Amino acid sequence: MSEYGFFEDLGGQVPVPHVYPYRLNTPLYSDGAEKLRFVYRAGGTQFRANGEGLIEMPVGAALIKTFAFGEGEERRLIETRVLLHRADGWLALPYLWNEEQTDAQLAIAGARVPVVTPGGEAISYRVPNKNQCKECHGLDGAVVPIGPKARNLSHEWLAAMVEAGHIDEMPRDADQLPVWEHRDSANLTAAARGYLDVNCAHCHRPGATASNSGLDLRWEQQSPDAVGIGKRPVAAGRGAGGHLFDIVPGAPDSSILTYRMGSPEPGVAMPELGKATVDEEGLDIVRRWIEEMAP
């Protein structure tokens, strides 16, 4: 990792100029890991706005995301994932941090690391291998970024990037997804749909790895059937848990969506990759959204 030169202080995750820290309004759940997100802009290049979707990044750009567990002096950097935009497309690479916390080495085969989650649960945390990166980042056969969409970035951060000339213009309809920490005071549908967009829609959308499910959980999808309301499963198998519909309005306990979100069992749990524990806060917001639907 040190060979990239992304950081002035690698262990402290202090970036150099042209590497900009950012956060997402609604983040992806990864067993409660803290995430430090950065985007690298090659000198002389500019990012381009693209409506509410992904910020367009020219060849030479990179997205950097470090996963950490613990607080203060007990915090440990576990892995850093790098997406590099090359002339032939995006390349996803996982890096595993050493015990000394001085550097991270390329881990093509991935790894297993024992960690304790913020909830006090001891787990075997999975660092994905290079091919597994494609399962979440794959779209129509290509690797693509999935996180920094304008709708999930703060207006203040985007405005500062535009003012500095790093992005060509202010994206339309930015800053739409609720800030996760403020979800209880946000619109319930927006909070639940935002959560599903971030945690599920990179696979459950046309052209992605779970497109055969018939579910399209993207934020912009407005069809109730595509979102799963009153929709029968296509290929859930035992993952359906005996339930007949992906979402039963007013009845989360009868819905396949919440059944799979609430299960830690391999082959049933959703998402399949990226977590080993149940996201109780995410499950709660989706359950409440379904409960409020008119039967």
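This is a predicted model: local features need pLDDT of at least 70, side-chain atom pairs count only at pLDDT 80 or more; totals for chains, interfaces and linings use all residues.
Residues are numbered from 1 along each chain as its sequence is written, and side-chain values use heavy atoms, with hydrogens and water left out.

**Stop 1: the sheet.** Select the open sheet of 6 strands, ordered E3-E4-E5-E6-E7-E8 with antiparallel pairing. Strands here are DSSP runs of E of at least two residues, helices are runs of H or I of at least four, and both are numbered from the N terminus; two strands pair if DSSP finds at least two bridges between them. Strand E3 (19–22) and strand E8 (104–106) are the edges: each has a single partner strand, so one side of each lacks a neighbour in the sheet. On average, neighbouring strands are turned by 25° against each other, direction ignored. Axes are lines fitted to C-alpha atoms, for helices over the stretch in contact, and angles run from 0 to 180 degrees between N-to-C directions.

**Stop 2: strand E5.** Now pick residues 62–69, where 7 of the 8 residues are buried (under 20% relative accessible area, with exposed over 50% and partly exposed in between; 1.4 Å probe, protein chains only). On one pairing, E4 (residues 34–40) meets E5 over 7 antiparallel bridges, and Leu36 has Thr66 as its bridge partner. E5 is also joined to E6 by 8 bridges, with Arg81 as the partner of Lys65.

**Stop 3: Glu79.** Stay in strand E6 and select Glu79. Is Glu79 buried or exposed? At 0% relative accessibility, Glu79 counts as buried. Display its side-chain polar contacts (N or O pairs within 3.5 Å; within protein, one atom must be able to donate a hydrogen and the other to accept it, and residues adjacent in sequence count only if both atoms are side-chain atoms). You will find the side chain of Arg81 at 2.9 Å and that of Tyr125 at 2.4 Å.

**Stop 4: helix H1.** Finally, select residues 130–137, the helix that packs on the sheet and touches E6 and E7, its direction making about 125° with that of E7. Contact means heavy atoms within 4.5 Å. Colour Gln132, Cys133 and His137, which are buried. Looking down the axis of H1, the buried residues fall within an arc of 135° and so line one face of the helix; the arc is that of the directions from the helix axis to the C-beta atoms.
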